[in-house]
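Visitor: Could you walk me through this model? I would like to ask about a few spots in turn.
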Amino acid sequence: MTSLATSTSAAEAVTAEAHEGHADLRLFGLATFLVADGMTFAGFFAAYLTFRAVNPLPEGSTYELELLLPSINTMLLLVSSYTFHRSGRNLLLGQMGPCRAWLLLTAGLGAAFLAGQMVEYFTLPFGLTDNLFASTFYALTGFHGLHVTLGVICILLVWFQTRQGGRVTSATPFGLEAAELYWHFVDGIWVVLYGILYLL
Amino acid sequence: MTVAAPNDFQESLQPQGWLRYFSFSLDHKVIGLQYLVTGFLFYFIGGAMAGVIRAELASPISDFVSRETYNEVLTLHGTVMIFLWIVPVVNGGFGNYLIPFYVGARDMAFPRLNAVAFWMIPPAGILLIGSYFITGAAQSGWTAYPPLSLTTPALGQVVWIVSVLLLGGSSIFGGINFIATILKLRRPGLQLMQLPMYCWAMLGTSILVVLSTPVLAGTLLLLSFDIVAHTGFFNPALGGNVVVYQHLFWFYSHPAVYIMVLPAFGLVSEILPIHARKPLFGYTTMVYSILAIVVLGLVVWAHHMFTSGTPPWMRLFFTIATSFIAVPTGIKFFNWLATLWGGKLALNSAMLFSCAFIVNFVFGGITGVALAQVPFDIHVHDTYFVVGHFHYIVYGGTVFVIFASIYHWYPKFTGRMLNEDLGRLHFLLTFVGFNLCFAPQHWLGLNGMPRRVAEYDPSFTTLNQISSVGALLMAISSLPFLYNVLVSAFRGQVAGDNPWNALTPEWLTSSPPPVENWIGEAPLVKHPYGYGVDEDTLSVEAATGRDLWSGAGRR
């Protein structure tokens, strides 16, 4: 469509009228995609809960996990949702300095979460193929960790785009809003995951 | 009246002429035709595989191909026909071409995502077909049930998973696009309840795609871990649970039946009123029926698993839920019959295929209700009865509608008519061949012939040979069709803008339509089915929609 706009001469009059533009639907599209993404997690959760209900683990293995580190991690993600929200508010108010600072803080919290996750992986007494619970644990947390990693990359990208003359400004906030929506989604998934994997 | 030629757009950066069909074009009409032609290529590949299967089954012993090859061909036939033919064609093909017209838009909501979704299909198809020649294809059927899929050759199975993941991604991107386009991109003044029925069908389908396809993707990821990393999610030997795979698989694959058939419902609802010259009967009930099918379609999956040790409460629930689907489906059928009732029927090829669809689908629907009943299902589970039922739904239902739609919209795609005599010959061969091929399979299944096996009891020979003759007729039927679509593109009678005197918006522009669909404003069609009604009672906008861009008639 944009390529059409570059055409010249008589076509321009037509295309100018033709491009009566429509509302920006990108956030709507992203939200729909996140519903789909959420269904992937829902499938995993359903599989995990069913395994847990009907498949006995081998002798000596247990569903119990250490709670301290994942609880700290949960706090990190919840706080990061708040810091991202602050960043978005600042962007809309045109305060680019605080906006970028809150963004960096959010990325830092996300990275800290990932570091915590790695520490947990290396200290756990079981590996990927030890038993059904171990496999499901790594699949769930790994798939979520992948989402967090992608989120941190997106935040850093948005941070770069909020620089002077970048494409994310208070007038064109889409990049930041999209990353924020995604980040809240990933945090929400974690809360459910934490509930059924660690607390249940 | 002719609409200004689309030559004004020649200076655009996109390739023009036939080259644009091989490009990363963002035009929804180009993408729609890309989907269609690609889909038909895979239809003929999948059809050749069906030919191999029927040739093998013409005799009770395994003599035509090796047993492994039979398994591979069987798996590829199912996968190609579902994921590379029906789903892309009725959703991506007709959806991309028609939906922007129907909502009065110039393109889909996300044109670039649209092109990405299409271009995920060729690599997936090449992977799938190529795996047969290079690594050996998957052998576990299109369901890929573990532990079978864990014990058959791993490489082919992994390639199969990658291919299906790509196709699932393409399908999800398409679904997101349709939802955004239908809900958010409607022309100002156009209400939801004024949309042509195909829009509602595609909205329902896309909701199913977005909700269920990701579950299949996640499940196949876990399955690939089982194959590659030797985890034990679905491997009973490692403490895993095969029934969980079946639940997750059918949570997608039952709605997938509606993903294949709801768009066909929509397409046939467009075709019948035009050729019967009557308004679509019961528009509102049609809409609510589609929505009911969407909701019910999500909660019936376990009727595929009545022999998988499902507990009694589950059997009861899924039997009742499945039987309920007959209600909205029945409403749609009576509405189609009432649409035809007393109409001035033009029994051309499009109409013949549409009417045959109604007949075939009623038959497939009745066997479907029968299959929902546990005592009956346990008797015929995994027999040819299921194969017959399924093909009555998907071939007798959807593929017949695809052919009807080709005859109906070909003039819009190309600006030329298809040959009617060849079309009727095509219809006759297809209808006779189809019924000859699949009706005997119900008897075979009732008498206990298992599906998916290359050898069978010699007492089944005669019916199998009748079925194979039917398959041969179906193969022959594609010859007049192919000749027709290829030659008519150049030599067909010039169609004009609106050869059927239709009121739906895609006919209110030139054939083929210009880039961005309309020169000037999009027409506002508030009564897409106002046929046979006194002209005065028609909405002014609908009757004079074409004048909106002629300057003089602009209001």
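Visitor: Where is the place of B:Pro88?
Guide: B:Pro88 has its place in helix H2 (residues 67-103) of chain B, where helices are DSSP runs of H or I of at least four residues, numbered from the N terminus. This is a predicted model, in which local features need pLDDT of at least 70 and side-chain atom pairs count only at pLDDT 80 or more, while totals for chains, interfaces and linings use all residues. Residues are numbered from 1 along each chain as its sequence is written, and chains are lettered from A and ligands numbered from 1 in the order in which they are written.

Visitor: Is B:Pro88 buried or exposed?
Guide: B:Pro88 is buried, because 28 other C-beta atoms lie within 10 Å; buried takes 20 or more such atoms within 10 Å, exposed 12 or fewer, and partly exposed lies in between, with C-beta atoms placed from the backbone.

Visitor: And what is B:Pro88 in contact with, leaving aside neighbours within four places in sequence?
Guide: Its partners are B:Tyr35, B:Thr38, B:Gly39, B:Gly93 and B:Ile121, where contact asks for C-beta atoms, placed from the backbone, within 7 Å.

Visitor: New topic: how many residues has the largest nonpolar core?
Guide: The largest nonpolar core has 194 residues, and B:Phe353, B:Phe357 and B:Ala404 are among those with the most contacts inside it; such a core is a set of buried Ala, Val, Leu, Ile, Met, Phe, Trp, Tyr and Cys residues joined through C-beta atoms within 7 Å. Helix H8 (residues 242-276) of chain B gives the most to this core, with 22 residues.

Visitor: What does B:Ala404 touch?
Guide: Not counting residues up to four places away in sequence, B:Ala404 touches B:Val268, B:Ile271, B:Ala350, B:Phe353, B:Ser354 and B:Phe357.

Visitor: At what angle do the axes of H7(B) and H9(B) cross?
Guide: The axes of helix H7 (residues 197-228) and helix H9 (residues 283-297), both of chain B, cross at roughly 10 degrees and come within 10 Å. That makes H7(B) roughly parallel to H9(B), since angles under 35 degrees count as roughly parallel and those over 145 as roughly antiparallel. By class, their contact has 11 nonpolar, two polar and no charged residues.

Visitor: And H9(B) with H10(B), at what angle do their axes cross?
Guide: The axes of H9(B) and helix H10 (residues 312-340) of chain B come within 9 Å and cross at roughly 160 degrees, so H9(B) is roughly antiparallel to H10(B). The residues of this contact divide into nine nonpolar, four polar and one charged.

Terms used: Axes fitted to C-alpha atoms, helices over the stretch in contact; angles between N-to-C directions. Helix = DSSP H or I, 4+ residues; strand = E, 2+ residues; numbered from the N terminus. Parallel < 35°, antiparallel > 145°, perpendicular 65-115°, else oblique. Nonpolar A, V, L, I, M, F, W, Y, C, P; charged D, E, K, R; others polar. Contact = placed C-beta atoms within 7 Å.
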